[in-house]
Amino acid sequence: MEAYKKWVRRNKDYVHSLESLANGLTWLLPERFSASEIGPEAVTAILGIITAINEHIIDTTSTQTSAGPVEPDSFPYSLCTSAIKDLETLVEVAAQHYYGDDKKWNFIAVTEATKVLVRLALFQNSGYKMLLHGGETPNTEKHSDFSSSQHNGGDFRGHGAHRGSNEQNSWNLEGRALSALSRFGENARMGSDPVWLRGVQHQQAIMEPPPQMIERPSLSMILSEKGVQGALFLMGEVLFITRPLIYVLLIRKYGIRSWIPWFLSLAVDAIGAGFSTQIVKSRDYHLTASEQDELKRRKLLWALYLMRDPFFSKYTRQRLQSTEKLLEPVPVIGLLTAKIVELVVGAQTRYTYMSGS
């Protein structure tokens, strides 16, 4: 495994190219959207998991080589989330094949509940940072407000921590001086006095402080520091995390053709987006660039409501079919349009392709 990790890290561009090629070829597998597509979906799931593992190996490399405060070891939540997302379509296809259209929602609900638990654990473990791409991308950017507070002692203690940081800087200066003196002794090969050299090295080890551990903000810290804006942020993230599970549970109760799951899911998304809008307008809560991009991505996911039943069956499908008939006489373009419509209609039959979770 270590040899494989080294190979992936040395050839990451080559690995990315192979992964893109393999994932593209899966769409050409036979019986992609037929009743017996368990095999093709299994191949897609395996390729997706391998891709997630490779990305995790590359990401951990950059984390290990970076200098500065050390984060405590934690469970690889991002890798776990990616693996679940790669397996969920296979679970849906297998459940539909063996148990039928109605009972497959039980298995989908279990899958969504598992994702909710993993994402909530990641949300808590990351110090209640916004989840990027549903938790698949680690949120490593530092908030200016929390980072400044943590530089003042890590636990918002104020001026006493400034004193500690100044003392630590003086210790670092003395330690670096001793380190330079030690290296000078080694370069000059002062073998005539090894006891003195060992004494300098021992003193250097004493003077240099241990590496700092990053202290993540707690729930009470966010609520006390940010007040209403912090509470809105937390509620918005929880709504975003739990919305797919709520949608699936409503489908189990009312059916896929009912408007109730569609409207209630849209309402949950709208409420969460409203909280996010209030946070963006506020000057007390600063979002990083990646978090602002994530909010834009979540708004784009609203387009998937056009592809979900019953809206798709009543409106979107008719628009697609009329466009296909309009462009059918045009050479090449008509053929491409027919193929695109076929793929879109086939993908729409899978909940996991249109869930946006």
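H133 is located in the loop that joins α4 and α5 (144-151), helices being DSSP runs of H or I of at least four residues, numbered from the N terminus. The model is predicted, and local features need pLDDT of at least 70, side-chain atom pairs count only at pLDDT 80 or more, and totals for chains, interfaces and linings use all residues. Residues are numbered from 1 along each chain as its sequence is written, and side-chain values use heavy atoms, with hydrogens and water left out.

Although H133 is not a glycine, its phi is positive, at about 55 degrees. V332, in the loop between α12 and α13 (333-348), likewise has a positive phi, near 65 degrees. Most residues other than glycine have a negative phi, and most peptide bonds are trans. The peptide bond from D309 to P310 is cis, with omega near 5 degrees; P310 is placed in the loop between α11 (289-300) and α12 (311-327).

Helices α4 (residues 77-125) and α9 (residues 228-254) cross at roughly 170 degrees, and their axes come within 8 Å; the axes are lines fitted to C-alpha atoms over the stretch in contact, with angles from 0 to 180 degrees between N-to-C directions. The pair is therefore roughly antiparallel (angle over 145 degrees). In the contact (heavy atoms within 4.5 Å), α4 residues including W105, I108 and F123 meet α9 residues including F233, I241 and L249.

Helix α9 bends by about 45 degrees at T242, and P244 follows within four residues; the bend is the angle between axes fitted to the seven residues ending there and the seven starting there. Just after α9, G255 has a positive phi of about 95 degrees.

How values were computed:
Helices (H or I, at least four residues) and strands (E, at least two) are DSSP runs, numbered from the N terminus. Angles under 35 degrees count as roughly parallel, over 145 as roughly antiparallel, 65 to 115 as roughly perpendicular and the rest as oblique.
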